Amino acid sequence: ISIVVFEHAGDAVPHAVLTGDTLFIGDVGRPDLLSSIGVTADELGRQLYHSLHERLLTLPDETRVFPAHGAGSSCGKQLSTEKQSTIGEQRLVNYALQPMTEDQFVAVVTEGQPTTPGYFAFDAARNRQDRPTLDEEQPPRAMALDAVLAAQTDGAAVLDTRDPMDFAAGHVRGSVNVSLGGRFSEWTGDVLDHDTRIVLVGNPGTELEAKVRLGRIGFDGVVGFLDDPLVTLSSHPEVTQRSSRLTVRELEEHRRDVGALQLLDVRNPSEIALGAIPGAHPLPLQGLVHGIAELDPSAPTVVYCGGGGRSAVAASVLATHGFTDVSDVLGGFEAWRTEVAGAGT
């Protein structure tokens with residue numbers, strides 16, 4: 001829904017409109033996210049066209065626009081970092097609001113969208129259910145190492161929320177690394193099932209933040225966190241392992257010297273369309289778990305993304321699936337394009 005706001009009861013011109021996920025700053029809502037539950041992108045795209053042109057764009061140009069969120073979400077491809085705009089400004093600069101037919105609009109807004117996060121269909125169904133209120137004040141319980149390992153053996157995922165460099169230096173064997181510093185809940189939802197029980201490993205004091213951010217996408221299965229992880233990991237080397245991260249120069253050496261190198265690109269298709277490292281196999285992070293069967297776990301594997309965040313997640317997931325020689329690329333494709341392709345080598 002969108003809500004029109006009048007600052008004073010007698011005002012003739014609306015002060016603002018709260019546009020939810022319908023009209024963003026620089027973009028409009030995605031019409032393809034519910035296609036998995038029986039509504040087509042074409043149907044929703046046409047509804048969106050009429051909502052915009054017959055409702056929102058009938059508001060005066062000076063009406064302020066406040067969307068539900070902005071950049072950093074998968075709900076659009078050109079979301080701005082700005083927090084407010086006006087109807088008039090969006091009428092001028094928003095690519096989806098330029099003069100075009102309904103058919104042209106549907107084609108434009110469905111083309112080049114990021115891959116749909118795997119948890120969206122689950123969330124769409126969960127939003128229609130009665131659920132307990134998310135407790136944002138109660139942290140998960142502390143767990144000793146033995147309890148963490150027992151939970152892991154029983155099927156729980158160990159989710160390490162530290163920076164990828166800290167994770168690479170030493171982590172519980174079989175952990176998945178999704179840093180709190182990135183798109184934490186989204187990327188976790190891409191690589192873990194919603195009903196997975198989760199044990200957290202992170203910097204002290206971050207446990208509640210991780211639990212709440214996961215709860216906001218309906219992942220309610222946090223059962224606890226590893227108590228005092230730095231001391232625990234350093235004093236129990238038998239249950240820890242390190243992971244490999246390569247500079248782009250080291251990647252080039254691997255491409256030259258390592259036979260049967262498996263190079264994996266986990267960016268979205270729209271990113272790959274703008275350029276990729278030659279010989280890379282495209283498999284977006286959102287489809288990684290379901291696409292692992294396409295890959296050879298015995299082959300030396302290197303993973304890259306745009307800047308190094310998603311590749312760290314993907315490399316840790318591959319390691320949990322039996323890939324014994326897997327690395328990710330520091331700085332990702334942007335570093336490779338700057339240091340290698342841009343240098344002509």
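Rings of Phe, Tyr and Trp (its six-membered ring) are taken to pair if their centres lie within 6.5 Å. By this rule, five aromatic pairs are counted in a predicted model, where local features need pLDDT of at least 70, side-chain atom pairs count only at pLDDT 80 or more, and totals for chains, interfaces and linings use all residues. Residues are numbered from 1 along each chain as its sequence is written, and side-chain values use heavy atoms, with hydrogens and water left out.

One aromatic cluster is formed by Tyr119, Phe122 and Phe219. Elsewhere, Arg267 lies over the face of Phe333, at 4.3 Å from the ring centre; this requires CZ of Arg within 6 Å of the ring centre and within 35 degrees of the ring normal.

Helix H1 (residues 41–54) packs against helix H3 (residues 102–110) at an angle of about 115°, their axes 9 Å apart; axes are lines fitted to C-alpha atoms over the stretch in contact, and angles run from 0 to 180 degrees between N-to-C directions. H1 and H3 are therefore roughly perpendicular (65 to 115 degrees). In this contact (heavy atoms within 4.5 Å), residues of H1 including Leu48, Tyr49 and Leu52 meet residues of H3, among them Phe105 and Val106. By class, the contact of H1 with H3 has six nonpolar, three polar and four charged residues.

For helix H7 (residues 184–191) and helix H8 (residues 207–215), the axes come within 9 Å and cross at roughly 65°. Phe184, Ser185 and Thr188 of H7 make the contact with Ala210, Arg213 and Leu214 of H8.

Methods:
Helices (H or I, at least four residues) and strands (E, at least two) are DSSP runs, numbered from the N terminus. Angles under 35 degrees count as roughly parallel, over 145 as roughly antiparallel, 65 to 115 as roughly perpendicular and the rest as oblique. Ala, Val, Leu, Ile, Met, Phe, Trp, Tyr, Cys and Pro count as nonpolar, Asp, Glu, Lys and Arg as charged, and the others, Gly among them, as polar. Rings of Phe, Tyr and Trp (its six-membered ring) pair if their centres lie within 6.5 Å; planes under 30 degrees apart count as stacked, over 60 as edge-to-face and the rest as tilted.
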